[in-house]
Each structure stands twice: as C-alpha cells, then as structure tokens.
Amino acid sequence: MKKHLLNYLFLLITVVGFAQSKLITGSVLIDEGADITSTSAGIRIENLRSDAHTYTNYSGLYSIQANVGDTILFEADFLVPRKIVVNQNIFSKGFLQAHLDIETIELGTAVIGNKYGENNQRDNK
C-alpha cells in the first residue's frame, strides 16, 4: 500500500511539474547600429535549467519549452551572448523577442606591405 501511495505521489508531482512548462516562441533580432536590425538563422537558444536547446530558422524565429524562472541563453559566433530570465509576463504572453549585439573584435598590430617578399628577394641576390 505504501509503495502504491509513493508511486501515485511521484506521478502527481511529475504531472504538476510538466503542467507548468510552456512552449515559448519568439524571434531574435541583431542590432547593427543606427536603428538597423536584421535576423539570422542558426542562433542557438538554450534553456539553462532544462538543457533544452534549439536554433533560429531563416526568419530568426524559434520555440523552446520554459518555466517561470528559467534562464534562456542566446548565442552565436560573432554575437554578444545574452541571458534572459523568463518572468511571469513573458510566460503569460508565451513570446520572447531578444536583441543581440554584434561582437566587436579588435585586431592586434597589422603589418601592411610585403616585408616577406622584400626579405626573400634580398636572400636570392
């Protein structure tokens, strides 16, 4: 009897836990400066609590399961990663639009010219 009660309790907790999860849909916009935005396919979206992940389609749209309090990570090469916590407002709407910035990559010292070719020519004389 006790074993059946524990099984029933476990099943009830599992059902209640899944009932709180909701499919959140949304879009990802890339801010390119000067009020210009674009979309991109292949941006990775991950729910850090459940380890669920997906990618944006060619229109920048996605869907992922989430609960209130879950942290959603948006990341892609050459974009600044962003984390957003799902609050009650986002959860109720079922929609989350994320804006990502392009990552600034600073180059080190660059040599302009053909120094290798100049050295090579001197060596051949």
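What I am showing is a predicted model.

I will start with the chain as a whole. The secondary structure comes to 3 helices and 8 strands. Read along the sequence, the pattern is α-β-β-β-β-β-β-β-α-β-α. There are 125 residues in the protein chain, and buried ones make up 24% of them. The chain exposes about 9400 Å², with carbon and sulfur atoms supplying 56% of that area. Of the contacts between residues at least 6 apart in sequence, 47% join residues at least 24 apart.

Next, the sheet. Four strands form an open sheet in the order β4-β3-β6-β7, and the pairing is antiparallel. The edges are β4, residues 53-55, and β7, residues 82-85; each has a single partner strand, so one side of each has no neighbour in the sheet. On average, neighbouring strands of this sheet are turned by 20° against each other, direction ignored.

Within that sheet, look at β3, residues 44-47. Strand β3 pairs with β4 in the antiparallel sense, over 3 bridges. Ile 45 is the residue that stands opposite Thr 54 in β4. Is Glu 46 buried or exposed? Glu 46 has a relative accessible area of 15%, and the cut-off for buried is under 20%, so Glu 46 counts as buried. Its side chain has a polar contact of 3.3 Å with the side chain of Arg 44. Leaving out residues up to four places away in sequence, Glu 46 touches Asp 51, Ala 52, His 53, Ile 64, Thr 71, Ile 72 and Leu 73.

That brings me to the loop between β3 and β4, where Arg 49 is found. Arg 49 counts as exposed, at 57% relative accessibility. What does the side chain of Arg 49 make a polar contact with? The partner is the side chain of Asp 70, at 3.1 Å. Beyond four places in sequence, Arg 49 touches Val 68, Gly 69, Asp 70 and Thr 71. For Thr 71, the separation is 22 residues in sequence and 6.7 Å in space, C-alpha to C-alpha.

Asp 51 is found in the loop between β3 and β4 as well. Asp 51 is not a glycine, yet has a positive phi of about 65°. Its relative accessible area is 53%, which makes Asp 51 exposed. Phe 78, in the loop between β6 and β7, also has a positive phi without being a glycine, in this case about 70°. Phe 78 is exposed, with a relative accessible area of 57%.

Thr 56 sits in the loop between β4 and β5, and at 6% relative accessibility Thr 56 counts as buried. A polar atom of the Thr 56 side chain lies 2.7 Å from the backbone oxygen of Ser 40. Residues that Thr 56 touches, beyond four places in sequence, include Val 28, Ser 40, Ala 41, Gly 42, Leu 61 and Tyr 62.

In soluble globular proteins, nonpolar side chains tend to be buried together. Here the largest nonpolar core has 18 residues, and Tyr 62, Phe 74 and Leu 96 have the most contacts inside it. Two or more residues of this core come from each of β1 (22-31), β5 (61-66), β6 (71-75), α2 (88-93) and β8 (95-101).

Two of those strands, β1 and β8, run parallel and are joined by 7 bridges. Ser 27 stands opposite Gln 97 in β8. In a regular strand the side chains alternate between the two faces of the sheet.

I will end on Leu 96. Apart from neighbours within four places in sequence, Leu 96 is in contact with Ile 24, Thr 25, Gly 26, Ser 27, Tyr 62, Phe 74, Ile 84 and Ile 90. Among these are Tyr 62 and Phe 74, which I named with Leu 96 as having the most contacts inside the core.

Definitions and conventions:
Residues numbered from 1 in each chain as written. Predicted model: local features only at pLDDT ≥ 70, side-chain atom pairs only at ≥ 80, totals over all residues. Heavy atoms only, no water. Pairing = 2+ DSSP bridges. Axes fitted to C-alpha atoms, helices over the stretch in contact; angles between N-to-C directions. Buried < 20%, exposed > 50% of the residue type's maximum accessible area, 1.4 Å probe, protein only. Polar contact = N/O pair within 3.5 Å; in protein donor to acceptor, adjacent residues only side chain to side chain. Contact = heavy atoms within 4.5 Å. Core = buried A, V, L, I, M, F, W, Y, C linked by side-chain atoms within 4.5 Å. Areas by Shrake-Rupley, 256 points an atom, 1.4 Å probe, with all protein chains shown as cover.
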